[in-house]
Every structure is written in structure tokens, then in C-alpha cells.
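Subject: Structure handover

Hello,

Here is the structure I promised to pass on. Please open it alongside this note, which sets out what was found.

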Amino acid sequence: MSRLPTITFASNDLPEEGNLAVLSDKSLTLPDALAGEGVNRALDVAKFEGSKGKSTQILCPADTALDKLIVLGTGDLNDLEEQDWLNFGGKLQSIIGEGETSILVPDTHQAVAMAQGAVLSAYKFDRYKTKSGGKKDDKKKSKEGQSLTFLTDDPKAAKKAWEAASGIVDGVMLARDLVNEPANVLTPKDFAKRAKKLTKLGCKVTVLHGKDMDKLKMGALMGVARGSRNPPRMAIMEWHGGEKDDKPIAFIGKGVTFDTGGISLKPGAGMGDMKGDMGGAAAVTGLMHALAARKAKANVVGIIGLVENMPDGDAQRPGDIVTSMSGQTIEILNTDAEGRLVLADALHYCREEFDPKFMINLATLTGAILVALGKEHAGLFSNDDDLSEQLSAAGKVTHEKVWRMPLTKAYDKLIDTKNADMKNIGGRYAGSITAAQFLQRYVGDTPWVHLDIAGTAMDSGSSDINSSWASGWGVRLLDRLVADNYES
């Protein structure tokens, strides 16, 4: 994997030499030690105006003994949000280069946010690259690494805050790793093993095998797994950080480690992207890592249903009828509508086993949500207004945004069938909504949200804090939801 920057915090005494980065708003006010005629002249020549996200580099600036001065514009400070500070950190990381650099950020919270952005920006999934493709001296240089020291008013407080913040970053990168892994490596069995590693952080992790799920009569999930030589798993991750008698909050993820569509085979073009059809399970696993790493004061359950959907001779067929763990029967009209079958049993299991305060499931569930919302928002479907509003608020802070979609009985009729309690697809229209209506039949009166993340979890657009195919979407969103609303 790519080398991540080393992060340290120190008092805000400016270094007399080396590399220094500072921030400037449109007033172009710099620390007194840098406010010499030479630096001002360099900024003027570069036509630097302090605009948000714009930067300039001054080599061996006059009036100083520095090797390099980097100035990054913030624009109007009154307009900045928390996410902007992560973006500033990511932008600086990408332009600073290797070696040691000091970054002056007096405010502790802003310094920690920038450190988060810097680490997230540096992430690259290059585990399987065997050649750098560069020159010999480039290889030698790459061994130096990047060291970032944030100069802040209260370095002790910053170090303490970083202990928690870095755990969240690690959770995001774990989710990215999982989504980026090829399906021949990340089988259901291997995914469950990676989830099991959370025991090192204090989580209790239980892994159910096929025979366990057969005994529980998880006919919906097991039906999806029938066609694969890689047997299914279900991993149950528990973090007990709240009061002993408090009900847990629960997160459930779809973990289809590869989706061919089964007998209802997908077109070949783009099928390779279906290694990311476990983005929901990746987000839940990354979230559990983040919560455990920062020792969240809440009781939390994460459940991931892990299967591979393949067109083997034993695979389930269109027209089959299966019985889910809840006892409800499902007519399979399209084997490519498999994620909802996995979630149906996982949701029911969670409700029966843990009786949680609420359940939030995440799934790369439908292409229809991409048609509706593109890649800017995840689709939110819910039976609870308060929980929906809390998620929307968290999304505005983290910029992992959600958009609420409708659920009504009129849509429910689209998945009724004369042959079973329901069918696993509706008609041509409202595909994301009918998928959510299907899931709602497995949650009872438990407050619940379904997040369709098909547009946000993979094939991500480049940003200041991510250039990877996988975004790790959902970890920061849900961590913020927990932190703002559900910690004791």
C-alpha cells in the first residue's frame, strides 16, 4: 500500500529553516516573520489573492532562511465549513511533496481536520503494483516519505484529538481497501476474516457460516449464495461502549463480494466494477473500526451479509420461491435483484437478536438511484422522520450527502405477487423505491433507514481528499451521526 504521511503536532513557533506552509485569506495577512518585502513581492508576482483553494510556492523566499514557503488561500474565513479544513489538508498534502514540512494552523480543531484530510488524500490502492514505472532516482526519493508537523496553539489538545480523528480516518481507509480489493482475493470468507480483526480494538465479532444460517432458516440470503463455490458468511460486530442496559444502535451492510447477476446475467461491459458490490458491508466494517478506535460511548452492532452471486448449475433461477428467516416467501423474478435478499435476512436477524433502537442499512442496491440522484447524493428511504433528519444533518457536515426518497403503500403494490408474499422486483419504474419497499417488510416497527449508495461508494470522482476508485463513503457520515446524537 502507499506510504501515508507521518503526522505530528507542535507549538506554533515558526521554523527558521526548511519547508513551511501557511494559510491566508483574501487580506493576505501573513505571520510577522514572513511579512517581508521579498515574500510580499513574490506573492504579487504570482498574482496570489488568497482565493479559496488556490496556492503558490516560493522557493528560498527572500527575508527568510526557509527552503520553501507554500501559501494556501482560504477565501472568506466566515464562509468556511468543517469539510473545507479537510479539503485544505488534502490539497496541501498533494502539492507539498516528500520530506518534512511544517504547517501553521493555530486553531486545534482546524489543524486536526487538516491532518485528517492530508492522510485521506495520500491514500492509494497500489498493493498489486510491482513496478513504479519511474526512474531510479525517483525510486530512491520515494523512500523518504512525507512528514507533516502542524504548528498549533495547543499541541497537547491536538494530539489527544488526533487519537480519535485518526481512528475515523483509518476506518475510511479500511472501507476503501475492502471496496478496491479484487473479488478473487476478497471472498466472503476473507471478508469475514478481516472483520474478525476488529477484536484487536475491543469489538466482539461473531461469524456465522452457511450451516449456521441454514439452521436459522435464512433462505433468502442462502438462495443468493447457492451458485458460488465460495461459501457465504455473516459477520456480527459488537462494540459495547455505552451503558450496560442501553439498547444498541445497528448498522447492516450488503456484502456481495462479486455480482455476476446470477442466472439473470449482467452484460459483460462494466461487470468488473461489481467487485464493489459490497460497499455497504465495507462502510459498516469501517464504521465499526472508527467507533472502536475512538472508543465511542455507545453500544453499536454492525452486521454484514457476505455472499457471491454466481451462475452455477446450482444457482437459484428466475421463478424460484424462497422462504426468508422471517417466514415471508419471495418469488425470485430476477436473480440480479439479490442484495435485497441478503439484507432481508440480515435485517430480520438483527431485529430478533438485538432489538436495536434503530437500524440503518447501506447497500449498493440499484442502478436506478444513479439515474435519480447521480453521484452527488445517496438515496435515503425511511420509516422515521427524526432519524432521517439526523442523517441529513450529519451529511451536511461531512459532505456525504443524502436525499430522502418516498415510501408509500402505492409503491408497495408493485412488489405484490399472486405466487408468494412478495416478488423481488417491481416493474420498470421506481426501481430504487420498490427495492426499499421490499426491505421495509423486514423491519417491523423498528426505526429504520435504507441508504442506497450505488452512486457514492465506488467509481468515485476525484476530490481533495480522495483520488481512489473507492471512496469509503458512509464511515464519516455514520460516525458523525453517532457522535452528535447517540453517545452517552
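Start at Phe-438. Leaving out residues up to four places away in sequence, Phe-438 touches Ile-330, Arg-340, Leu-341, Ala-344, Ile-415, Met-422, Lys-423 and Asn-424. Contact here means heavy atoms within 4.5 Å. Phe-438 counts as buried, at 0% relative accessibility. The cut-offs are these: buried is under 20% relative accessible area, exposed is over 50%, and partly exposed is in between (1.4 Å probe, protein chains only).

Two notes on the source. This is a predicted model, in which local features need pLDDT of at least 70 and side-chain atom pairs count only at pLDDT 80 or more, while totals for chains, interfaces and linings use all residues. Residues are numbered from 1 along each chain as its sequence is written, and side-chain values use heavy atoms, with hydrogens and water left out.

Helix H14

Phe-438 lies in helix H14. Helices (H or I, at least four residues) and strands (E, at least two) are DSSP runs, numbered from the N terminus. The buried ones are Ser-432, Ile-433, Thr-434, Ala-435, Ala-436, Gln-437, Phe-438 and Leu-439. Phe-438 and Gly-426 are 12 residues apart along the chain, and their C-alpha atoms are separated by 9.4 Å.

The whole chain

The chain has 15 helices and 17 strands. Its radius of gyration is 25 Å, close to the 23 Å that the globule rule gives for 488 residues, so the chain is as compact as a globular protein of that length. That radius is taken over C-alpha atoms, and the rule is 2.2 Å times the number of residues to the power 0.38. Along its principal axes, the C-alpha trace spans about 85 × 50 × 40 Å.

Of the 488 residues, 55% count as buried. Take the contacts with a separation of 6 or more: residues 24 or more positions apart account for 78% of them.

The cores

A nonpolar core is a set of buried Ala, Val, Leu, Ile, Met, Phe, Trp, Tyr and Cys residues joined through side-chain atoms within 4.5 Å. The largest one has 90 residues. Phe-150, Phe-251, Ile-360 and Leu-451 have the most contacts inside it. Helix H5 (residues 155-180) gives the most to this core, with 11 residues. Another core lies apart from it, with 48 residues, among them Val-224, Ile-252, Leu-341 and Ala-435.

Beyond its neighbours within four places in sequence, Leu-451 is in contact with residues including Ile-360, Gly-379, Val-402, Trp-473 and Leu-477.

Ser-24 sits in strand S2 (residues 18-25). Ser-24 counts as buried, at 2% relative accessibility. Setting aside neighbours within four places in sequence, its contacts include Thr-29, Leu-30, Phe-48, Val-71 and Gly-75.

Gly-286 is in helix H9 (residues 279-293). Its relative accessible area is 0%, and Gly-286 is buried. With neighbours within four places in sequence left aside, Gly-286 is in contact with Gly-171, Leu-174 and Val-475. Gly-286 and Leu-178 are 108 residues apart in sequence, yet 9.1 Å apart in space, C-alpha to C-alpha.

Thr-335 lies in the loop between strand S12 (329-331) and H10. Thr-335 counts as buried, at 2% relative accessibility. Leaving aside neighbours within four places in sequence, its contacts include Gly-261, Ile-263, Asn-309, Gln-316 and Pro-318. Thr-335 and Arg-226 are 109 residues apart in sequence and 11 Å apart in space, C-alpha to C-alpha.

Two backbone angles

Asp-63 lies in the loop between strand S3 (55-59) and strand S4 (66-75). Its phi is near 75°, a positive value in a residue other than glycine. Asp-355 is in the loop between helix H10 (339-354) and strand S13 (359-363). Phi of Asp-355 is near 45°, again positive in a residue other than glycine. Asp-355 counts as partly exposed, at 41% relative accessibility.

Best wishes
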